[in-house]
Amino acid sequence: MSATTPPDAGSAALDADALQHIAAEKPGGIVARERGFFHDVSAIAGRALRSIPREPEAIIPALIVPVFFFVVNIGSLQNAAQGAARAAGGSGAPPFDFKAFQVPVAIIFAVTGVSRASALVTDIQDGYFDRLLMTPIKRISLLLGLMVADFALVIALSIPVLILGFILGVRFETGILGALLFLLMAGGWGLVFTGFPYAIALKTGNPAAVNSSFILFFPFAFLTTSFLPQSQLTGWLSTIADYNPVTYLLEGLRSLIMVGWDAESLLKGLAAIAGVGLVSMTLAFSALRGRLKRGG
Amino acid sequence: MAVASVLTESLRRTFGGNDAVAGVDLEVAPGEIYGFLGPNGAGKSTTVRMLCTLLRPTSGRAVVAGYDVAEHAQQVRLHIGVALQDAALDPRQSGVELLRLQAKLYGLSRADTEARLADLRALVDIGDQIDDRIGTYSGGMKRRLDLAAALIHNPDVLFLDEPTTGLDPVSRLKVWEEVRHLNQRLGMTIFLTTQYLEEADELCHRVGIIDRGIVVAEGTPEDLKRSVGKDVIIARVDRTDDVERACAAVRRVPGVEKVEQRGDEMSIQTADGAAALSPVAVALDGCGVKVRSLTMRTPTLDDVFLQITGAHLQSDEVPA
């Protein structure tokens, strides 16, 4: 055998000469340490944000889809929606700005379902998730770091849609502050919605299952006041829209553009985000706990 | 013995009612290279995953670097480095980015990170490609980077789960060299699993042989081989049908203690191989069996495994 001196009871397997080498070579003072929750979250978020520009294929649809729907909805429904509004409100009613009405819809389309869940599944499959689990970072930061990156991304995705709205003449009744709150609420919605794909990713570790979570987007985004005001919805769609949190989110976002500072609408919108967030985050963090319990 | 770097007591893990690890007792001293040798599915990786805090034991206890893996998992993580069986890397990052992130997750300062990167570049040994995306690396490059990631924080105990599986001979020797270096120069305790006899023999101070979740033998490679206590003559015959007849003939040779057969191969144990070789050849010739090769060797760890379990290890040599 050509290995080093075998240790036996009481032997550290190293002679004095070797210990001198250790003193010379051991990197001085390099000791692993815990750095705290915020450090861990920022490290994980930083990695996620670095990866985003390297996967343009994951981002481009989120840019194109909202712009497409925004343009198509205005082109096809503007006259009908404005006509219906005039008929409902009478000749003295203020003109109905369908472009302003559609901006929040486009934003919701941009931010709903955008997450790093597919990347998380890849990490699980590649074993990199295990490597992260073996570091001394807080377990919760593995998910929160990704969500912080998602929040930054959905805000970034909202900006081009908002600029398009400005170009088409949409203005905020609540000014710059209202626009900022609008972005934060959109980002908040995008953030809480990520809980669903993350829950599926952590529960299954299956990329196909994560991709299929996109289906959740449809009832949230279409069974609501995407195309017409709630007063003009009828039948089953009106009933479902009453229970769809996106209805209240859109109401809050629209109030910032079309109405002004309307506390009731804003509170309803924030409550909708909080309610969905409570469900989605509970699912996501339960799935994380389950995966940790199962062993990576 | 000084406080053990790795200590397990009746460590057990079950999956769906089946024991993957069925009560393992280990004690690995600081500064030791300990090899966990066994065939695929023996429980090596499951044991390592428990020791690395990835998997909670079903029962029993494991202490690594002085900390209980179940109760003080964070402390264990601060003191261990791990390279799992498959290189656990992110193909979307570059090698440097991955190492920097790893250093950050272990709380290293910027200066320490740069110092460690400078040290580990030599180990990774891929020149400027370390700035390329990991997805473009070869298998050997990935394994070396994986090992570097495990070492970034200068751990006290290093776990290597089948570190050379799938590596070419040059990369394999490089890993062996690095393992020896880490142990000899830095005093790092190294716990490695392998299914390669040569690797266990070459690298390890002590070897634990695991089969079906239980440690069936433990000791230095020399002691284990000495426990078999016999030379081994290996005879390969031309036709598998002839093996039975050949075995019967060889069993009658004076000095032959045991004859095992596997396919077209006979394994003949004898106290004095040199003395028995010629009579064995004569006996084989006398029974009319055409012999393809006849070789003598000293016992290997495979012979130890064979003696204890009645089966060979699945792989008895490192692939070229």
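Start with helix α2 of chain A: Asp40(A), Val41(A), Ala43(A), Ile44(A), Ala45(A), Arg47(A) and Ala48(A) are buried there. Buried means 20 or more other C-beta atoms within 10 Å of the residue's own, with C-beta atoms placed from the backbone. Helices are DSSP runs of H or I, at least four residues, and strands are E runs of at least two, numbered from the N terminus.

A word on the source. This is a predicted model, where local features need pLDDT of at least 70, side-chain atom pairs count only at pLDDT 80 or more, and totals for chains, interfaces and linings use all residues. Residues are numbered from 1 along each chain as its sequence is written, and chains are lettered from A, ligands numbered from 1, in the order in which they are written.

Back to α2(A). What covers its buried residues? The cover includes α7 (141–167) of chain A and α3 of chain B. Contact here means C-beta atoms, placed from the backbone, within 7 Å.

Now chain B. It has eleven helices and 14 strands. Of its 320 residues, 52% count as buried. Its C-alpha trace spans about 75 × 45 × 40 Å along the principal axes.

Next, helix α5 of chain B, residues 139–151. Twelve of its 13 residues are buried. Among them are Arg143(B), Arg144(B) and Asp146(B). They pack against α6 (128–133) of chain A. From chain B, the partners are β6 (80–83), α3 (95–105), α4 (110–124), β7 (157–161) and α6 (169–186).

Last, the length of α5(B). At 1.5 Å times one less than its number of residues, the helix should span 18 Å; its end C-alpha atoms are 19 Å apart, which agrees.

Note on methods
Contact = placed C-beta atoms within 7 Å.
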